[in-house]
Amino acid sequence: MSKFFYKDKVTLIRKFDISDIKKSFLKSLNNKNLNKFLSTRKKKQTKKDALNYFNKINKQKDIYLAVIDRRKKNHLVGTITYRKYNINDLFIGFMVCDENYLGNEFFYKAVKASIKFMFENLKVKKIFGGTDKKNIPSSFFLLKLGFQIKEKKNKMLKFVLKKKI
């Protein structure tokens with residue numbers, strides 16, 4: 001996948017770069033309102049932790065970490081992680097990095113555009129997502145994107161979005 005895979009007048013979705021690990025990104029990782037469902041929420045995240053994660057992701061060929069950027073402001077709004085699930089399927093994860101974009105239409109449109117790109121350009125047939133059952137905003141977000149609940153297991157909800165033929 002190229003460095004930039006979606007852009008319009010206000011949105012740029014591009015590969016996460018080491019230069020994205022700034023104070024504002026670290027602040028979002030440690031924001032209890034933004035990260036209350038992340039596995040790392042109980043440990044303060046440092047620049048070293050973020051660099052280790054970035055380097056780990058970059059070494060894996062089946063994971064792509066992208067940034068949702070507000071073009072005019074050069075502002076990191078969130079991240080999207082795509083992990084190859086099998087030959088034609090992906091798993092998606094996303095994180096809002098600025099509280100002003102929680103429930104915001106901008107973030108929704110950006111994720112929707114990236115999903116459209118995956119279906120149209122990468123021969124993806126299904127995209128899977130998952131969230132903690134208590135994470136109602138993420139569940140509604142996935143449903144709004146067109147995902148359907150596939151499975152309820154333990155504390156998790158698993159979702160699937162199939163390519164329309």
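## Buried, exposed and in between

A residue is called buried when its relative accessible area is under 20%, exposed when that value is over 50%, and partly exposed in between (1.4 Å probe, protein chains only). Take Leu-143: its relative accessible area is 38%, so it counts as partly exposed.

Before going on, keep in mind that this is a predicted model, where local features need pLDDT of at least 70, side-chain atom pairs count only at pLDDT 80 or more, and totals for chains, interfaces and linings use all residues. Residues are numbered from 1 along each chain as its sequence is written, and side-chain values use heavy atoms, with hydrogens and water left out.

Leu-143 sits in helix H4, which covers residues 136-144. Helices (H or I, at least four residues) and strands (E, at least two) are DSSP runs, numbered from the N terminus. Which residues of H4 are buried? They are Ser-138, Ser-139, Phe-141 and Leu-142. Those residues lie on the same side of H4 because they cover an arc of only 160° around the axis; the arc is that of the directions from the helix axis to the C-beta atoms. Over on the other side of H4, you'll find Pro-137 and Phe-140 exposed.

## A nonpolar patch

Ile-136, Phe-140, Leu-143 and Ile-149 make up a nonpolar surface patch, with about 390 Å² of accessible area together. Helix H4 is the main contributor, giving three residues.

Patches here are made of residues with over 30% relative accessible area and no salt bridge; like charges are joined within 9 Å, and nonpolar side chains (Val, Leu, Ile, Met, Phe, Trp, Tyr) within 5 Å. A salt bridge is a side-chain nitrogen of Lys or Arg within 4 Å of a carboxyl oxygen of Asp or Glu. The areas come from the Shrake-Rupley method with a 1.4 Å probe, and for residues only the protein chains shown count as cover.

The elements giving two or more residues to it are S7 and S8. Lys-126 belongs to strand S6 and is partly exposed, at 31% relative accessibility.

## Two loop residues with positive phi

Lys-123 isn't a glycine, yet its phi is positive, near 60°. Look for Lys-123 in the loop between helix H3 (105-121) and strand S6 (126-132). With a relative accessible area of 66%, Lys-123 is exposed.

Asn-154, also not a glycine, has a positive phi of about 50°. Asn-154 is in the loop between strand S7 (148-153) and strand S8 (156-162), and is exposed at 68% relative accessible area.
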